[in-house]
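Student: Could you take me slowly through one part of this chain, looking closely at the backbone and then at what lies around it?

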Amino acid sequence: MSSVRRCAASVCSRYPIATRTIKSVIHALIAMVAVASTAAPGWSQIRNLSQDWLFHRGDVAGGERPRLDDQRWQRVVVPHDWGIMDKPDGLPPFDSRAVSGQDSGYLPGGKGWYRRYLTLSPVEAGRVARLKFEAVYMDADVWLNGEHLGRHHYGYTAFAFDLTGKLRAGRNVVAVRVNHEDPASRWYAGSGIIRPVTLELLDRVHLDPDSVFVTTPVAMQQRGVVSVHAAIANRSNVPVRVELISRVISATGKVVGEVRGVRSIASGGRTEGDQTLGLVRPALWSPAAPNLYTLVQQVRVGGRLVDERRTRFGLRTITLDARQGLRINGRPLKLRGGNIHHDNYMLGGAGAPDADRRKVLLMKAAGYNAIRSAHNPASQATLDAADELGMLVIDEAFDAWSKSKKDRDYARFFAQDWPQDIDKLVLSGRNHPSVLFWSIGNEIPEQGTPEGVAIASQLAQRVRALDSTRPVTQAVSIDPPQSRAQFTDLDVAGYNYRAQLFVDEHKTMPEQVMFTSESLPKDAFTYWRAVEANPWVVGDFVWTAVDYLGETGIGWMGYSQDWQRLGPYPWHLAYCGEIDATGRKRPAAYYREILWKTGIDPIAAFVRQPAGTEDLPDRFLFPISPPHLDWSLDDVHPSWTWPGQEGKPLDVVVYSEFSDVELVLNGRSLGRKAVGLATQYQAHFAVPYEPGDLVAIGYRDGRPAGRWTLRTAGKAARVDVSSNRRQLPANGEALAYVTVELKDAAGTSLYARAADRRVRVRVRGAATLAGIGNGDPRDASSFQSGVRSTFHGRVVAVIRSGLKPGPVFIQVDTDGVPSRQIRLSVARNARPVGRELD
């Protein structure tokens, strides 16, 4: 394992790849713990505990007792968030009196209990066992058969309990009490077991699950070197001699490298060491070509296979300095980044793997190549998707250290818990090629003080002890000279909303690599020009890429002048995402594609909302005097349907990668304009409104090369219903996203709010409705009822597969137009979610 070499305050080292660990799932039926495993004796097993959890909202005296009567508890699938569940009386979950109010989107926290029965054979109960929770929000106590196993405070890091010797043959019960005290967060965090749970059953001789660390000190086109660090534990009562076999498997299934080693381990002992494998002409990992390999490690005792573990990884190098910026495998790369929170809108804070993956897909399709996980460690599903799709990730630890931002936030636990939570951040992410930087915090109250500088140094040292292959950063929101002090022991300087500092700070710190960790959507051009013009500025991360629950209306009316107030009830979404909460790109996303010159949508045209006709209230709720940060997006729309505006001039803005654009209304040219750096890749036209077709045409070398059409819509005549996948695996947790869009008789989308209709979605067959939403930041109706009005002509429903194969019928009834039905299927052999995107 190579170490980081430093040059003054800069990072001028080559950072070998780290990778991601995927533990081997040996046989099917992993969803049903009550079914005895068919795996061969001695092999490790990992069981997915997503199904058959029982849930009770509120506190329960003796909720951990094995004989507790829980027959009336609700059966749920985890990941699960009770905060978005309808109230017991059937009303929606939103409440104007919620303790966290605007921060949580007027959604509640509270207490809740979960119980899960495990039925094991005598052989299984006698094995080494590990119960792992990827995340529980927050302050979780866990019991097994009435025995308290322990408590974990932080809501975003993984934790595990050793159940060896505690399990019984027959029925066991796991109980979890979650205590989400508000106000705990500046955004909606959710409540409950929000990420997956697994049970690992291991042989007495096994690889330590957290010990495997794969790096690639050499990653070139001609050759690669894979270095593997791992530990083997012997929990048997006799010494053993083990053989560790490590193989590298290509994407086509070919063995491209193998190494073997023999070790002796005393009873109750543990040995760790390194193995090195050489690869010839490896396929390197990069955002443009996310090639992956699998490391298969086998532990054998006397020739008998006792453990097997699989770790997927990619070969890549990172080079970073202030003179040439960021290079991946020697090639320059600018970070086209977006911040995301962890919630999944109509699923709340539940990190369902397919939902987390879809978020990464949406960003990739919109031209992003980097994610900042704000402000907590990313889920494994997010990192898995980033590995596969070629997205780089800044994996962030904390939003608070020892000083709180909210009365009941993580600062209560930081002093005692930060070492274990830093460890889990790094151990969970260091085997993912997508992870680029470790971020130790965001806008920390202590930043720039001696205390803050000292804590940053402690955290950075802890990170480097576990992974010396990646730079450490922090998102700072203060000005020099305090900011310089905060970056003293950090490799990369992250600035929130301070692009104006880059040139002057470079003169003071010429070796410092910098980036914008948060930027404003309205100032996209300014922030991106700082990246393009200055090699020491390696990227820009907008706040935010995808809309989220909480921080109500920050993207509409914004914060009040005193930074205390946001959108009043029923506002519940931030409404600052360049991709809306349902996954639809907003105009700002198209502009960013063009700034980045992605070629995805090289020309796009939008119309500014006429003054006084805003389609949401409260735009100017708070009197604001500059300077004041403004997270709002330009109020422009993909519509040429403006009844009541006939003959009045409308501001039409055309975003274009092409050097010239022409605007044509109903066949009449309205003129051509040059577009480029000097115009910030925009052209504006004042167009008297008349219904019909408005077409923007882009020209390259004098010839038409692209076009964008806005067409006046007629009355609603139908709905189009589509799904991002037609077949789901019968695993009880796979998701399909079904989009309902209003259309006129000619197939033109209806966008005007006056045309919105009530929609009811019903699901029968081998799947259930998991949630429904429309992206309207003020529609505080139920996520679970199946009923929503369209917002700008659109509703999205989430469908969850069951455990049995069969057809799924989705009925869509919309006021005033014919009903529609589509059919999906649930199958045992359905492939896992891939690159499907609605």
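**A close look at the backbone and a pocket**

Tutor: Let us begin with P481, which sits in the loop that runs between strand β30 (472-476) and helix α7 (482-486). Please keep in mind that everything here comes from a predicted model. The peptide bond that leads from P480 into P481 is cis, and its omega angle is near 0 degrees. A cis peptide bond also joins A374 to H375, where omega is near -5 degrees, and H375 belongs to the loop between β27 (370-373) and α4 (380-389).

From omega we can turn to phi. E551 is not a glycine, yet its phi is positive, near 45 degrees, and this residue lies in the loop that connects β33 (537-542) with α10 (587-595). With a relative accessible area of 5%, E551 is buried, because buried means under 20%. K597 likewise has a positive phi, of about 55 degrees, without being a glycine, and its place is the loop between α10 and β34 (603-608). The relative accessible area of K597 is 44%, so this residue counts as partly exposed, a class that lies between 20% and 50%.

Next, consider a lysine in a strand: K673 is part of β38, which covers residues 668-674. K673 is partly exposed, with a relative accessible area of 35%. Twelve residues separate K673 from F685 in sequence, and the distance between their C-alpha atoms is 9.2 Å. If we set aside the neighbours within four places in sequence, the residues in contact with K673 are S659, D660, V661, A683, H684 and F685.

Finally, look at the second largest pocket, whose volume is about 900 Å³. Its lining is made up of 45 residues, and those nearest the centre are R584, K585, Y590, P638 and Y751. Two or more lining residues come from each of the elements α3 (353-365), α10, β35 (636-637), β41 (703-711) and β44 (735-743).

Methods. Residues numbered from 1 in each chain as written. Predicted model: local features only at pLDDT ≥ 70, side-chain atom pairs only at ≥ 80, totals over all residues. Heavy atoms only, no water. Helix = DSSP H or I, 4+ residues; strand = E, 2+ residues; numbered from the N terminus. Buried < 20%, exposed > 50% of the residue type's maximum accessible area, 1.4 Å probe, protein only. Contact = heavy atoms within 4.5 Å. 1 Å grid on protein atoms, 1.4 Å probe; cavity = no way out; pocket = protein on both sides within 12 Å on 5 of 7 lines; lining within 4 Å. Points joined across faces, edges and corners; volume = space filled by probe spheres on them.
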